[in-house]
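This report describes a few parts of one protein model for a reader who has not seen it before. The sequence and structure are shown first.

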Amino acid sequence: MEERGGKAPSLPAGGVPDRLQPHADRVERSVLSAMLREPESCIDLAVEVLGTSPAVFYTPSHREIYATLLELNGDGKVKPDLVSVAQRLKEKNRLDTIGGELFLAELELAAPTTVNFESWCRILQKYAMLRRMIGVCSNALLKCYDADVDASRLIDEIENDVYAVRHADEKQTIVAVRDIIAAEFKALEDIQEGRVEVGIPTGFAKLDEFTGGLKPGEMFVLAARPSIGKTSLALNVIRNVALHATRPRCVAFFSLEMTSEQIARRLLCTQAQISENVFWNHSFNMRDLTKLTGAVSALQKAKIFIDPTGGLTIAELRAKARRLKVQHNIELIVIDYLQLMHSDGRAESRQNEVAEISGGIKKLAKDLKIPVLVLAQLNREVDKNAGNKPLRPKLAHLRESGTIEQDADIVTFLHRDREESKTVADGAGVEAEWIIEKNRNGRTGNLKLLFYPSRMEFVPAAPCSDEFAPGSGVAG
């Protein structure tokens, strides 16, 4: 560990400090000694903590011995001990390279006990992470000298590499059910008593009843044909979440279709319950001003971040979302809409590209442990009429890729007759449905809504109606 001390060196021409990298030779020898003496217990624990890459050891001979121990353990033919390791290295003409049988014999005696074996492994894990970070930063420095490099793409690559180092050693621990069952019972009890929320309330109570709200790590799809109102419905949800009376949340909205000014204006008019047309036809009055002033005051307190980047790639989305999570602790991401995004340039077809995007969005939700509400386009098949009425959308109508259906935890459709809103009186509402077609952890059904085109707002239908018609049950 002494290699870490001393004065920081100056950078040579290559940009990498000319010094030994962080490591602990004595700890490395103690870990290998324990594995040689008690292979039955120590090798499996080493794999669980350190993984199977020999790079976790700094000294080349130690890497060679670690790889051989794992190889023998995997074969299962002979016990991994001093004799079998020496023999396997001899067969590969590597025994003299690591220092011969004398070195192995000395190594076996390096640790008088194995009682602290796991803590030794944790020390090696820490130093391996530091070395990986040195590698990432050194490569980043060298790449930055390339004048022809795409700066934004390079920054994204570096962020991805750093994030990979940060989370490379995160592993799920195996647990016994008896150790967690009481805590889970308590969690269910808290949910039942209303002490905790399953997910973020959308502001549509019946929808939350069936879905549990927008739950951490889940990908929630809202799909519709153009001009049905999916952006308006998404903005209604954003407003409900960000302006919640008792628990307002921070929301990030990635809009690939509208400008930030258009989105802000729509939020403002919906919150004020006035139409944008009052500005275009100069019918704005003092009553409208009072409502608008109140809306401004409310929205100025809201933590809503808008990114209007067109043609956003999944890598750019990932990088921006991570920064927003760190800087502002966002609790919900909304994307409008999936088919306007791009992959990172490696897909062979548009279907493969959409599949990469869909998978990337699902992974982002899991990595950040927050819900992602993603809007999606339906194909033209749903525009066909059935008895002078538009077809009800199905999962098969998701445009360009069936992987959206596979990746998503919840798939919903917004459905209404597009023509009705063209003839409706100013201030009147038209019927709409929010169809839950897939719900991995709950029931499906149809939420009846009213859409008010003048203020671009969806609200639940009157309480006296059959507001939520249950569907066919759980959809996996």
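How are H3 and H4 oriented to each other? The model is predicted. In it, the axes of helix H3 (residues 60–75) and helix H4 (residues 82–91) cross at roughly 105° and come within 10 Å. Angles of 65 to 115 degrees count as roughly perpendicular, and H3 and H4 are therefore roughly perpendicular to each other. On the H3 side, the residues that meet H4 are Glu64, Thr68, Leu69, Glu71, Leu72 and Asp75. Their partners in H4 are Ser84, Val85, Arg88 and Leu89. By class, the residues of this contact are four nonpolar, two polar and four charged.

A second pair of helices is H1 (residues 25–37) and H6 (residues 100–108), which pack at an angle of about 90° with their axes 8 Å apart. This angle makes H1 roughly perpendicular to H6. H1 contributes Arg29, Leu32, Ser33, Leu36 and Arg37 to the contact, and H6 contributes Leu104, Leu107 and Glu108. Four nonpolar, one polar and three charged residues make up the contact of H1 with H6.

The two pairs are set out below.

| Helix pair | Angle between axes | Axis distance |
|---|---|---|
| H3 and H4 | roughly 105° | within 10 Å |
| H1 and H6 | about 90° | 8 Å |

The next topic is the nonpolar interior. In soluble globular proteins, nonpolar side chains tend to be buried together. The largest nonpolar core in this model has 39 residues, and Phe204, Val334 and Trp434 have the most contacts inside it. Helix H11 (residues 230–242) supplies the largest share of this core, seven residues. Another core lies apart from it and has 35 residues, including Ala365, Val382, Ala408 and Val411.

Beyond residues up to four places away in sequence, tryptophan 434 touches Phe204, Leu207, Phe220, Leu222, Leu233, Val237, Thr412, Phe413, Gly445, Asn446, Leu447 and Leu449.

Is leucine 449 buried or exposed? Its relative accessible area is 2%, and buried means under 20%, so leucine 449 is buried. Setting aside neighbours within four places in sequence, leucine 449 is in contact with Phe204, Leu414, Val430, Glu431, Ala432, Trp434, Phe458, Val459, Pro460 and Ala461. Histidine 415 is 34 residues from leucine 449 along the chain, and their C-alpha atoms are separated by 9.7 Å.

Methods:
Residues numbered from 1 in each chain as written. Predicted model: local features only at pLDDT ≥ 70, side-chain atom pairs only at ≥ 80, totals over all residues. Heavy atoms only, no water. Buried < 20%, exposed > 50% of the residue type's maximum accessible area, 1.4 Å probe, protein only. Contact = heavy atoms within 4.5 Å. Axes fitted to C-alpha atoms, helices over the stretch in contact; angles between N-to-C directions. Helix = DSSP H or I, 4+ residues; strand = E, 2+ residues; numbered from the N terminus. Parallel < 35°, antiparallel > 145°, perpendicular 65-115°, else oblique. Nonpolar A, V, L, I, M, F, W, Y, C, P; charged D, E, K, R; others polar. Core = buried A, V, L, I, M, F, W, Y, C linked by side-chain atoms within 4.5 Å.
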